[in-house]
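Let's walk through this model together, one stop at a time. Keep the picture in view as you read.

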Amino acid sequence: MEHVNQAIVQALTLLFSGDPELWTIIRISFGVSLQAILYATPLALLIAFLLAHGRFPGQQTLITIFHTLLAVPAVVVGLTLYIVLSHTGPLGSLDLLFTQTAMIVGQVLLSFPILVAMGHSALSASDTRAWETARSLGAPPWRSMLTVMYEVRFGLFAAVIAAFGRIIAEVGCSLMVGGNILNFTRNITTAIAMETTKGEFARGIALGIVLLVLALLLNFTLTAMRTRLDWVR
Amino acid sequence: MKPVLLEFHNVVKSYGDRILLHVNEFDVIQGFCTLVSGDNGAGKTTLLKILAGLLKPERADVVVNGIQLSWHKARIRFLKNIAFVHQDPYMLDTTVERNLAYGLRMARVPKDQIEDKVAEGLHWARLDHLMHRKAKRLSGGEKQRVALTRARILAPRALILDEPTANMDLQSRIATYQLIQQLRDEGMAVVVASHDRSGLEPLADRHLQLTGGKLVPVDMVARHHPSIDNVTRFPRN
């Protein structure tokens, strides 16, 4: 037990002393995941809207596919992307393997089904009168779509937060396509995995604390949003 | 004689195998209030949504200002020139003031003019005291008045109202009647679907009943417009 306590104290010291290696890992983690969520969200929410409010052939099949993709493990996405980006793969000439771009692509793929599925649920629950009112008040279709999205913004924020929580905490895909290169592609989760195998628990615990604090913050944000939603209603 | 803004011929709308609407003729006339009544499920809301361009019929020949248009082109005009107000009007999740400004912002009206128009609209409907209130938290009657003002502020050619006085207390109903009358008197074409015959018939220039998917004129004495004789014959089923 004393060993664990010692590791926790060391972890806190590392965090608050501003250890450059540790903070670079944290910066890379947030940088990659924030970019991934930024790229994935607009298209995913557009698809979610079309699935919720459009009428086209294959709509139900698409919804089922996106729900199925929710269950795909990160390592499977990582493996697929590795094959595609490896030198002998179809996109090997782009030379993206073991780069932050590859990690971002992987996290976009991981977050996309969550954003579409949860966005679809939120938008399906939206009131059809919101769309009709916006159209009748002269809003063009794209603006009416934004209005409907604004009306269910708490549900959509929840989708974004859930997707962000998933990709910043995933390890399989980042490890496979990022390669865990120090100061370049090493992020919080790949660093924790590596430090644990090395027996360097303090660094692992410090990074674990960052993830726990993040998880707490995301949950508090979600709870605050739900409370606000109830208050509005 | 008042100008006819829109003419609809052979409007057909069905759900599955069931033909819900088969209206031979219907027109929307400037400064004229048309009351459409009918049983629940008769298709009143469907008809109104078609008139407002919110619902596509299987078939409809549309004449706008004497020119026959395809449904696609007619629909674009309807959405620009006709305002639709739901039975339980949808309030955007913001203040009353921003609800009223929404359509003006969509029409790219300059900001200072938006403020003036919103203030004038609030005054018109005697809603000044609700300006900064959350629109979703208003009573049913207040929402209806905000919705009417929100539509009026855009100066549409026609206003389509679906059961505007449903579930309202007497005071709210009277306030709504007054606003509808004012809109009609301002020259707006008003089409109202309602069960509230006793309250709305005195305001209406003609009364049509939707029955079996067809519009049938209901005998009514022309009260407001001497020109009514020219139009009470519609629809010619």
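**Where the chains meet**

The contact draws 13 residues from chain A and 17 residues from chain B, where two residues are in contact if their C-beta atoms, placed from the backbone, lie within 7 Å. On the side of chain A that touches chain B, the elements giving two or more residues are helix H6 (128-136) and helix H7 (141-151) of chain A. H6(A) provides the largest share of that side, 6 residues. Helices (H or I, at least four residues) and strands (E, at least two) are DSSP runs, numbered from the N terminus.

What kinds of residues make up the side of chain A that touches chain B? They divide into 4 nonpolar, 3 polar and 6 charged. Here Ala, Val, Leu, Ile, Met, Phe, Trp, Tyr, Cys and Pro count as nonpolar, Asp, Glu, Lys and Arg as charged, and the others, Gly among them, as polar.

This is a predicted model: local features need pLDDT of at least 70, side-chain atom pairs count only at pLDDT 80 or more, and totals for chains, interfaces and linings use all residues. Residues are numbered from 1 along each chain as its sequence is written, while chains are lettered from A and ligands numbered from 1 in the order in which they are written.

Now find helix H10 (residues 188-198) of chain A, whose buried residues are Ile188(A), Thr189(A), Thr190(A), Ala191(A) and Ile192(A). A residue is buried if 20 or more other C-beta atoms lie within 10 Å of its own, exposed if 12 or fewer, and partly exposed in between, with C-beta atoms placed from the backbone. Just after H10(A), Gly199(A) takes a positive phi of about 80 degrees.
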